[in-house]
Amino acid sequence: MAEIREDEERKPGISILPGPELLTLPVFDTRASIASAALSDVPSDVIIKSRIRYGSPLSACKGLLLEYSKSTTIHGIRYIFEVHRPFYEKLYWLFFTCISVYFAVSLIWDTYLKWLESPVILGFDETLVPVHKIPFPTITICPEIKMERNLFDYTNVSRQLWEEYKTNGNFSDFDDEQLAHMSAAMHICDTEVVQRFTPLLSHLHAPNPDITQTLIDLSISKNETGPFCKWNGRFYFCDKIFDFVATDEGICYQFNGLRAKDIYRDENFISYRDPDIVDFNNFFDEDLPRLNNITGNWSLDTGFVDQGQNAYPQRTVFSSVNNGFFAFLQGLQHNFDYDCRSFKQGYKVFLNSPESVPLTSGNYILVPHGYEVLVSVLPAYVVSTDNLHEISAEKRQCLFDDERSLRFFRSYSQSNCQTECLANFTVSKCGCAKFWMPKPLGTPVCGLDDIPCYTAAQDELNTLLQNQTMAKTIDDSVGISCNCLPACTSLEYNFEISRAKYDVAKTIRAFREVYEHTDAIGSRISVYFKEHQFTAIKRTILFGVSTLISNCGGICGLFMGISCLSFLELLYFFCMRICGSCRDRRKHKIHQMGSVDLDEDKLD
């Protein structure tokens, strides 16, 4: 047997040792066919190593690719590049590998687009929130009766002014005080009325009074509009818990609002601040225990901190009508005015979060004279997780308080941003601000001659925002002025209304009482939480970076068997192994050249 093996080893053209002779391409002769037949029995590892070490650069690269295909964990690659694998098997694996790659790339692309376009999801919070965790809504009551007729009879003055203008154009019967009051009233009257009387008053050179203070002086007192109120089971005179506030609707009464110094960065940004201090210990029944002194603080992000029952802003524990807000409102018929405002009489009621200013252009509750209105409130409380900071505001469609600093307001909210946007736009167009707007220090309040300007500015801003919003739906690169996105943490109040007729005269007769006003028409409003607890809305990441990576990794692992180490393996073979192979080939070439030189020296 040993002799036979030695004879086989001596046969020319047949060798199993790795060397350059294994890399030669076969030619069609008898000797080559014998070598090819023998080569098919050579292990593929030997062929691959021979190519890498002894072959041409192209053959070495092919050998390195074959070595990678034998070692990689990516499914299918090994069978495609294996040396002795039949062609039809390679075609089989190539087909299904391409199919797997196609589905993997498609799913990864869909996942990437989903992460790119909608990385945030709104869902219900895991736990219910009790109502005492949030403040009771700020209630702003704006009467349609804007002026006390005993102080200024707008109806008679305006009619007399118009009659004299149409008759002979003589206005000698009006003194400066009446003209000043008329001038102030133009800022809260309907547009048609303003367009009619503004030219006349400008022709008369009507004085420009302190608009806000004049409207306050002419308004109906808090106690006359609201004789008594009830809050959290305690009765109050309404003037003890109401504040005067200036809004686009004129002078309104506000319950449970923050003071100006806690809303604005500088309280001098607004024209009027009610000097009366609200004290919730001024209730009727002296037998009830007094409330605790207000301590601690509140913000929308941190909630109530170290505050008891008497909190600032106020809150309640229960959802019953008895523990909500109630007000008896009265309108005296001799004050009804159909010349300045529309024919609609009653009260507009706005609900908003305490840290924001009321937007009178938004939804409101109409309380007509002679009706009782029950308002059940369901909070819309949106909270956001901290990891949303890693997603841009454009993608998550909200702003954190530390991302957007407003010029006038301490805290960011969408309504505060919209108010500031309108104020800045008005100042830039007219050089003044409307009487209720916040404004930079030193900026004047718009007078009578500026009414057309700030009215046109408001219409222009609304048109601009509408056009920009519509254009953005077509071209996403279009910017929107002010860009007042919702706050990531926000509190709004949805409400349901029940209404019934209320006759104050019959009610008084039923109690066998005598009322001081014979022309009063009473209304009642009750505002309370609908439920003891509510479900908050939680804004959280649907697809973060880590979720994107894990989803893509799962898809790659499912369809191709790829993990993160597979990419390191690829980097290793085509960087480090290439360098190592080049170094070995260079050493072999130097050694081979040294051997040739030595043989030549021996021959010499």
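A nonpolar surface patch of about 820 Å² is formed by Tyr 79, Tyr 92, Trp 93, Phe 95, Phe 96, Ile 99, Tyr 102 and Phe 103. Patch members have over 30% relative accessible area and no salt bridge, with nonpolar side chains joined within 5 Å. Helix H6 (residues 87-117) contributes the most to the patch, seven residues. Tyr 79 lies in helix H5 (residues 77-81) and is partly exposed at 32% relative accessible area.

This is a predicted model, in which local features need pLDDT of at least 70 and side-chain atom pairs count only at pLDDT 80 or more. Residues are numbered from 1 along each chain.

Eight disulfides are counted, each a pair of cysteine sulfur atoms within 2.5 Å.

Cys 417 is buried (under 20% relative accessible area, 1.4 Å probe, with exposed over 50% and partly exposed in between), at 3%. Cys 484 is buried at 16%, and Cys 398 at 0%. The sulfur of Cys 552 is 6.7 Å from the closest cysteine sulfur, that of Cys 556, too far for a bond.

An open sheet of five strands runs in the order S5-S6-S2-S10-S11 with antiparallel pairing; strands pair if DSSP finds at least two bridges between them. Strands S5 (242-247) and S11 (365-367) stand at the edges, each with a single partner strand. S5 pairs with S6 (residues 250-255) over six bridges.

Terms used: Side-chain values use heavy atoms; hydrogens and water are left out. Patches are made of residues with over 30% relative accessible area and no salt bridge: like charges are joined within 9 Å, nonpolar side chains (Val, Leu, Ile, Met, Phe, Trp, Tyr) within 5 Å. Accessible areas come from the Shrake-Rupley method with a 1.4 Å probe; for residues, only the protein chains shown count as cover. A salt bridge is a side-chain nitrogen of Lys or Arg within 4 Å of a carboxyl oxygen of Asp or Glu. Helices (H or I, at least four residues) and strands (E, at least two) are DSSP runs, numbered from the N terminus.
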